[in-house]
Amino acid sequence: MSSSEESALAPPLQQMLLRVARAAVDHAARHGRALAVRTEDYPPPLRQERASFVTLRSGDQLRGCIGSCWPHRPLVVDVAHNGYAAACMDPRFRPVTPEEAPGLRLHLSLLSVPERMSCREEADLLDQVRPGIDGLILESSGRRGTFLPAVWESLPDAGSFVHQLKLKAGLPPDHWSADTVVYRYTAQSIHED
């Protein structure tokens, strides 16, 4: 499926994925390992290969965010693994404790398949990127970084968005080289209420 509109999940399936993510985070906090998921227990749309990110927040503060940019396993398995990884493997944070897990808010981003953009220089990228819509993957000089579409909420200017993405990838904000490759994707956002 090439667009998020074609692959958008209906509300009952969204709730099912949120329950899987919540169970994965709680299991990770209690046991320090990933939750085993039996794909055959889930409907076909959740068994399709899809990429996802799981974001954890404590109040307004980021508490963990891990995901997959490219589809390589069933969506329900990807969400369960990324829930565990966001809770225990994000190098920016200590592992989530059993006491704090119930207070965390979960946000899922279900990604469309990334599409390579045609950009010879940064000005091409800035002309093509759709603020508020596109997530970006930037690869250059052996480095890679991604920003989900949700990052536009805190970086609404395309120039700032791209410069901060370069910094996240470990590159200078003015970096551009012949090997720079950029992909764009969209994401369906699913939040806990």
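Residues are numbered from 1 along each chain as its sequence is written, and side-chain values use heavy atoms, with hydrogens and water left out. Because the model is predicted, local features need pLDDT of at least 70 and side-chain atom pairs count only at pLDDT 80 or more, while totals for chains, interfaces and linings use all residues.

The pLDDT is the predictor's confidence in each residue, from 0 to 100. Its mean over the protein is 95, and 97% of the residues reach 70 or more. Over residues 1-5 the pLDDT is below 50. Beyond near neighbours in sequence, this stretch has 9 contacts in the model (contact means heavy atoms within 4.5 Å). Where pLDDT is low, the predicted coordinates should not be read in detail.

Strand S5 covers residues 135-140. Helices (H or I, at least four residues) and strands (E, at least two) are DSSP runs, numbered from the N terminus. Of the 6 residues of S5, 5 are buried, so the strand is largely enclosed by the rest of the structure. Buried means under 20% relative accessible area, exposed over 50%, and partly exposed in between (1.4 Å probe, protein chains only).

S5 has pairing partners in S7 and S6; two strands pair if DSSP finds at least two bridges between them. With S7 (residues 181-185) the pairing is antiparallel over 5 bridges, and glutamate 139 stands opposite valine 181. With S6 (residues 143-147) the pairing is also antiparallel over 5 bridges, and here isoleucine 137 stands opposite threonine 146. S5 and S6 form a hairpin with 2 residues between them, and serine 141 in that turn has a positive phi of about 50°.

Helix H6 (residues 158-168) packs against this region: its buried residues lie against helix H5 (122-128), S5 and S6. Those buried residues are Ala158, Gly159, Phe161, Val162, Leu165 and Lys166. They cover an arc of only 165° around the axis, which puts them on the same side of H6; the arc is that of the directions from the helix axis to the C-beta atoms. At the start of H6, a side-chain oxygen of aspartate 157 comes to within 3.2 Å of the backbone nitrogen of glycine 159. Just after H6, glycine 170 takes a positive phi of about 85°.

Glutamine 14 belongs to helix H2 (residues 11-31). Its relative accessibility is 16%, so glutamine 14 counts as buried. Leaving aside neighbours within four places in sequence, glutamine 14 is in contact with Leu9, Gln188 and Ile190.

Notes
A polar contact is a pair of N or O atoms within 3.5 Å; within protein, one must be able to donate a hydrogen and the other to accept it, and residues adjacent in sequence count only if both atoms are side-chain atoms.
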